[in-house]
Amino acid sequence: MIDEPSNAACLRWFFFAINQAVRGACALPEALRGRGAALPVKKEECGLNETQEIKKERAILVGLSCPAFKEDETADDATLEELAALVETAGAEPLAAVLQNRPAPDASTFIGEGKCEEIRALAEAHEADLVIFDNELSPSQMRNLEERIGRTVLDRPALILDIFAQRARTGEGKLQVELAQYQYILPRLAGLGKAMSRLGGGIGTRGPGESKLESDRRHIRRRIDKLRGELEQVRQVRAVQRRQRKKTELPLVAIVGYTNAGKSTLLNRLTGAGIEANDRLFDTLDPTTRKRRISDTQEVLLSDTVGFIRKLPHHLVSAFKATLEELQYADLLLHVVDLSDPAWEAQAATVDKVIAQLGAGEIPRVMVYNKADKCDILPHLPDGVLFSARTGEGTEALLKAMETALGRGRHEMTLRIPYSDGGVLDTLHREAEVRSVEYEADGTLVTAVVDDKTCGRLQKYKVE
């Protein structure tokens, strides 16, 4: 039975343990153990006594390009380069990359027997510990590949989940990552009867292993249900916060973009938030919200969000629903694009696709072409703002674009409203930002910030 108190501590290096168990190299631990590449693993967290350092792992990268795949399923040189950056982010060292072209994936080994032998020889020559695939593998393909290559095999979703586990800091972030990991793990427990058996498997010993497997499955399902319940509470809290935000009448501006596009640096530049912003993938998982006055009459809430990436595991999108659904309620999206990346157009398209999947495709947005200071020659760009979060160049243009996109220009007006038109005052309190109210003999003197529509409607009360 899985030891529930050790779930959070041991989940980090589960992926390594489950792959070893599939190969029969070791028995799957009693507590589910997560895999954390090149991280110090505390033995006491998994019921042991001392700290064991995991040496920096060395990885061979493999991708399959196949016309039968959808565009977001296939691999190419660009996605393998991105995979190498992910591997480095996880703490491992990418040694070599292999791109295989096939008309269709092999049902058993994904890449075919001949390519398996080639990768096995390459891994031996480089003394690699891992083989990481840019595509998603089925549990049986992962098992077959490990048997033939003789190395631990991971796929891209497992790698991204591992990075998210390293980056999560808040309780909400950890809950969401843990849920995504369990959803990934559950179908991969199938077929581990031998590895999980206390008797070693085989004729006459299959029962105990399968019994333990079913026991662990039930435990994981219970844990998934519990996590979903806790995240539903998080969503309810966020709903309350949204209602309170509406009462303050401050528009919400959500910063979205590809991972490492400079979203956190932009938030720091505009608000002085002081959040950590490093040049690495998925550096920020937990959302941060700060106030910023963008004009004399307009103040907004700016919120950073988790970065997107090609082939983002659907488990993560589902688990991070409590965080990502905030985009649906934003008044404006700032889509940050890394203009210095040669693949910026493909990255922008990926972000647009995820935004549409989250139901936020109709929300007004401002394109922010970041890192313009790194470009010697600027490409022809659609409408948007050239910006450098590092130097601050383009800040005024960005604030103006935000004010314009939020619409409804903002106007400060002083109005004298007769007592007979008391309903107008009620409207101002509902639809405008009322700054002062004075009661005079002939009516109520009100100073308020209003939008274009309200400004036109109330011209007859305006005090010149």
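How many bridges join strand E10 to E11, and do the two run parallel or antiparallel? In this predicted model, strand E10 (residues 332-338) is joined to E11 by six bridges, and the two strands run parallel.

**Strands E10 and E11**

- Within the pairing of E10 with E11, leucine 334 has valine 366 of E11 as its bridge partner.
- Strand E11, which covers residues 365-370, has five of its six residues buried, and it is therefore largely enclosed by the rest of the structure.

**The sheet of E13, E15 and E14**

- An open sheet is formed by three strands in the order E13-E15-E14, and their pairing is antiparallel.
- Because strand E13 (411-417) and strand E14 (433-440) stand at the edges with a single partner strand each, one side of each is left without a neighbour in the sheet.
- From one strand to the next, the twist averages 15°.
- Strand E15 (residues 443-450) pairs with E14 in the antiparallel sense over seven bridges, and valine 437 has valine 446 in E15 as its bridge partner.
- Helix H15, made up of residues 422-431, packs on this sheet and touches E13, E14 and E15, while the direction of the helix makes about 25° with that of E15.

**Glutamate 82**

- Glutamate 82 lies in helix H3, which spans residues 77-90.
- With a relative accessible area of 9%, glutamate 82 counts as buried, because the cut-off for that term is a value under 20%.
- When neighbours within four places in sequence are left aside, the residues in contact with glutamate 82 are Arg156, Tyr258, Leu281, Ile309 and Arg310.

**The largest pocket**

- The volume of the largest pocket is about 770 Å³.
- The lining of this pocket consists of 27 residues, of which Asp72, Glu73, Arg310, Lys311 and Leu312 are the closest to its centre; Arg310 is also among the contacts of glutamate 82.
- Helix H6 (156-167), helix H11 (314-319) and helix H13 (344-357) are the elements that give two or more residues to the lining of the largest pocket, and H13 provides the largest share, with six residues.
- By residue class, the lining of the largest pocket divides into ten nonpolar, seven polar and ten charged residues.

Notes. Residues are numbered from 1 along each chain as its sequence is written. This is a predicted model: local features need pLDDT of at least 70, side-chain atom pairs count only at pLDDT 80 or more; totals for chains, interfaces and linings use all residues. Side-chain values use heavy atoms; hydrogens and water are left out. Two strands pair if DSSP finds at least two bridges between them. Helices (H or I, at least four residues) and strands (E, at least two) are DSSP runs, numbered from the N terminus. Axes are lines fitted to C-alpha atoms, for helices over the stretch in contact, and angles run from 0 to 180 degrees between N-to-C directions. Contact means heavy atoms within 4.5 Å. Buried means under 20% relative accessible area, exposed over 50%, partly exposed in between (1.4 Å probe, protein chains only). On a 1 Å grid over the protein atoms alone, a cavity is a set of points where a 1.4 Å probe fits but cannot get out, and a pocket is an open set with protein on both sides within 12 Å along at least five of seven lines; lining residues have an atom within 4 Å of a point. Grid points are joined across faces, edges and corners, and a volume is the space filled by probe spheres set on the points. Ala, Val, Leu, Ile, Met, Phe, Trp, Tyr, Cys and Pro count as nonpolar, Asp, Glu, Lys and Arg as charged, and the others, Gly among them, as polar.
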